[in-house]
Amino acid sequence: NIGLDQFQIRYSVMFNSLFFLSLGGMSLIPVLMEERHVLYKQLGAGFFPPSAHTLAKAFVEIPQIFIEVVLHVTFVYWMSGLAPEVSRYLFFILVAFATNLAM
């Protein structure tokens with residue numbers, strides 16, 4: 001049983017953690033905007049199908065995102081005193097990873 005203060009603190013930690021991970025991708029937006037012109041040119045010339053570019057980009061980004069999420073969540077989860085259960089820790093990693101992929 002936790003009080004309202006503990007409840008708010010724990011959910012604030014989780015929200016801020018997910019928000020921090022999501023903001024990490026914001027720095028890539030200018031780079032992606034510059035890449036877009038080259039991509040359209042290559043797609044127009046028929047160099048490769050759009051699905052090949054999407055899959056390649058996803059396969060390259062997934063390991064990087066996973067490492068970033070695991071490192072961040074490991075420190076934040078255990079230092080903030082959330083539930084000391086491995087299943088909940090792994091679930092938080094899964095939620096953070098899915099949230100970061102969606103951004």
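What volume does the second largest pocket have? The second largest pocket has a volume of about 260 Å³. A pocket is an open set of points on a 1 Å grid over the protein atoms alone, where a 1.4 Å probe fits, with protein on both sides within 12 Å along at least five of seven lines. Its volume is the space filled by probe spheres set on the points, which are joined across faces, edges and corners.

This is a predicted model, in which local features need pLDDT of at least 70, side-chain atom pairs count only at pLDDT 80 or more, and totals for chains, interfaces and linings use all residues. Residues are numbered from 1 along each chain as its sequence is written, and side-chain values use heavy atoms, with hydrogens and water left out.

Stay with the second largest pocket. Its lining residues (those with an atom within 4 Å of a point) include Ile2, Phe7, Arg10, Tyr11 and Met14. Tyr77, Leu82, Ala83, Arg88, Phe91 and Phe92 also line this pocket. Helix H1 (4–23) and H4 each supply at least two of the lining residues. Helices here are DSSP runs (H or I, at least four residues), numbered from the N terminus. H1 provides the largest share, four residues. By class, the lining has nine nonpolar, no polar and two charged residues. Ala, Val, Leu, Ile, Met, Phe, Trp, Tyr, Cys and Pro count as nonpolar, Asp, Glu, Lys and Arg as charged, and the others, Gly among them, as polar.

Now turn to the largest pocket. It holds about 550 Å³ of space. Its lining has 19 residues, and Gly25, Leu28, Glu61, Ile65 and Met103 are the closest to its centre. Helix H2 (29–44), helix H3 (50–79) and helix H4 (86–102) each contribute at least two lining residues. H3 gives the most, with seven. Ten of the lining residues are nonpolar, five are polar and four are charged.

Next comes the packing of the helices. Two packed helices are described by the angle between their axes and the distance between the axes. Axes are lines fitted to C-alpha atoms, for helices over the stretch in contact, and angles run from 0 to 180 degrees between N-to-C directions.

Start with H1 and H4. Their axes come within 9 Å and cross at roughly 40°. The crossing is right-handed, meaning that the near helix is turned clockwise from the far one by less than a right angle. In contact (heavy atoms within 4.5 Å), Met14, Ser17, Leu18, Leu21 and Ser22 of H1 meet Phe92, Val95, Ala96, Thr99 and Asn100 of H4. This contact has six nonpolar, four polar and no charged residues.

H3 and H4 also pack together. Their axes come within 9 Å and cross at roughly 135°. H3 and H4 are therefore oblique to each other. Angles under 35 degrees count as roughly parallel, over 145 as roughly antiparallel, 65 to 115 as roughly perpendicular and the rest as oblique. The crossing of H3 and H4 is right-handed. Among the contact residues are Ile62, Ile65 and Phe66 of H3, and Arg88, Tyr89 and Phe92 of H4. By class, 14 are nonpolar, two polar and two charged.

Last, take H1 and H3. Their axes lie 11 Å apart, at an angle of about 155°. H1 and H3 are therefore roughly antiparallel. Their crossing is right-handed. Val13, Ser17, Phe20 and Leu21 of H1 touch Glu68, Val69, His72, Val73 and Val76 of H3. Six of these contact residues are nonpolar, two polar and one charged.
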